[in-house]
Every structure is written in structure tokens, then in C-alpha cells.
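Below is a short note for a colleague who has not seen this structure before. The points are numbered and can be taken in order.

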Amino acid sequence: MRIDVLTLFPEMFDGVFSSSILGKARDKGIVALNTVNFRDYANNKHNTVDDYPYGGGGGMVLKPEPIFAAVEDLSVHQEEGQEPVKPRVILMCPQGTPFTQKKAEELSNEQHLVFICGHYEGYDERIRQYLVTDELSIGDYVLTGGELPAMVVIDSVVRLLPGVLGNEMSAVTDSFSTGLLEYPHYTRPAKFRDWEVPDMLLSGHHENVRKWRRKESLFRTLERRPDLLEGRDLSKEEKTWVAEWHSRKQKE
């Protein structure tokens, strides 16, 4: 996979792209991570990328010319010997579709992603209409730019690529990957102060451990994110566990 990030502050990505899982994925050649300062594509002598909004109002708006030029240049530039691939062009903005694990899985199947990180008051609407394929938001709040949201999405996508995680099952059992929150984890020592690891996890019975984890995952979702269960087709076993959880809550 290739990921290009259009940003006015490429230095923000230096540590992120060279550290931890992203750095290892880059070193292995699983993903190519690049930053592009779209100011380099400005078509005026002052290299300005923003202007006053038509109709008046506060703030400045990102101009379409440099962003279109940068994306179009990246779209035709491919590694030697590779066929050109039309990229998925992603605009990070508060108005976008909420980013989810399902979206991360969808994007992980792409060959080329281009992220646009904006600043100022917003984007010229023609960027939204005629250039981008996706508009994404990581939450109902406003940040100073699209760089941090882009980092979040990129991290979430890259970790799903084959060979990135040391244990391929980690991505499968993560919270949201199964539609449920993840079950509790424990490690040594078996007893810490007065708190002990559940006996089931020490039993060595793999099928019982699997059921315990599935049950705890369902209980945790009921407790913290019941909205994730709306419209979910529960198995007979899961329905029994849901009834058990409600019975327990009534007694508390």
C-alpha cells in the first residue's frame, strides 16, 4: 500500500511515521508513507494556498488549485514498473462520515490512499465536489487541522495490513472488529495484591476460555456500548448471556 498525506506541516508526521508499528511496517516495505507540502503546488509568486471567502465572513479558505495539482500529480506518479492506480482521496473534516473500524477494514484493501489535511476556515467546496472520494471525521469536535485525524486513520488502517502485526489474531479480536468490545486481559502474576486472575483463564481448557472471553466481551459491550448491539443477530447462546446479564443487573 502507498499512503500520501497532503499537509502544510509535514514535519508533524516525522515521528509518527518512523516509530512503533507504522515505522516497522514502513521498514518491512509493507507500506510506503509519504508527506507532501501542497504549498509547493501553489501557482502564485507568494506560494499562498488560501484566500478570503466569497460573500464575506471570517477566516480563510483553502484554494482549489494547489490541492488539485498535488493530487493529480500523485495520481500519475507510481513506482517504476507499476500500473497507475486511481487513489482513494480522503478529506479529513468535522463534516465527514464518522470513522469506524469497518471503514478502516475497507480502506485497508486499497492500493493507494491520499489524505488531505486542511487548516483555516475550510476548503473550497469544489475540492469536496470534484476531487475527494471520502470525507471522514474522527469525532464531533474541532481541531486546528487535519493532521492528527489523518494520523489516527492511517494507524488504524496500516495495522490491518498482512504482516504488520506480530500476531495476526490481534487485529481480529480487537474491540469493534467483531462488533463487540474486547474482553478483559490478564497476565502474570496470577495474584496481585488481593486481586486474582479468573480461574477460567488458568484452567488450560481452550474451548471454555474461548466461551468465557466471548461472554465477557458481550457483557462489556452491554455495560459500556449497548448501542453496538442494536440490530445485531444474536446467537442462542448470546441471547442466554444477555438474559443472564440483565438478571444480574436487577439484583445489584
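1. At what angle do helix α9 and helix α10 pack, and how far apart are their axes? Helix α9 (residues 206–224) packs on helix α10 (residues 236–251) at an angle of about 55 degrees, with 10 Å between the axes. Axes here are lines fitted to C-alpha atoms, for helices over the stretch in contact, and angles run from 0 to 180 degrees between N-to-C directions. The angle makes α9 oblique to α10; under 35 degrees would count as roughly parallel, over 145 as roughly antiparallel, 65 to 115 as roughly perpendicular, and the rest is oblique. The crossing of the two helices, α9 and α10, is right-handed, meaning that the near helix is turned clockwise from the far one by less than a right angle. Helices (H or I, at least four residues) and strands (E, at least two) are DSSP runs, numbered from the N terminus.

2. The model is predicted: local features need pLDDT of at least 70, side-chain atom pairs count only at pLDDT 80 or more, and totals for chains, interfaces and linings use all residues. Residues are numbered from 1 along each chain as its sequence is written, and side-chain values use heavy atoms, with hydrogens and water left out.

3. The whole structure holds 20 salt bridges, each a side-chain nitrogen of Lys or Arg within 4 Å of a carboxyl oxygen of Asp or Glu. One of them joins R2 and D4, with N to O at 2.8 Å. R2 and D4 are both buried (buried is under 20% relative accessible area, exposed over 50%, partly exposed in between, with a 1.4 Å probe and protein chains only).

4. In the pair E65 and K63, the closest N and O atoms are 3.5 Å apart; E65 is partly exposed at 33%, while K63 is buried at 16%. E135 and R128 meet at 2.5 Å, N to O; E135 is partly exposed at 24% and R128 is buried at 13%.

5. On the surface, F9, M12, Y141, L143 and L148 form a nonpolar patch with about 440 Å² of accessible area together. Patch residues have over 30% relative accessible area and no salt bridge, and nonpolar side chains (Val, Leu, Ile, Met, Phe, Trp, Tyr) are joined within 5 Å, like charges within 9 Å. Areas come from the Shrake-Rupley method with a 1.4 Å probe; for residues, only the protein chains shown count as cover. Y141 lies in the loop between β8 (134–137) and α6 (147–158) and is partly exposed at 44%.
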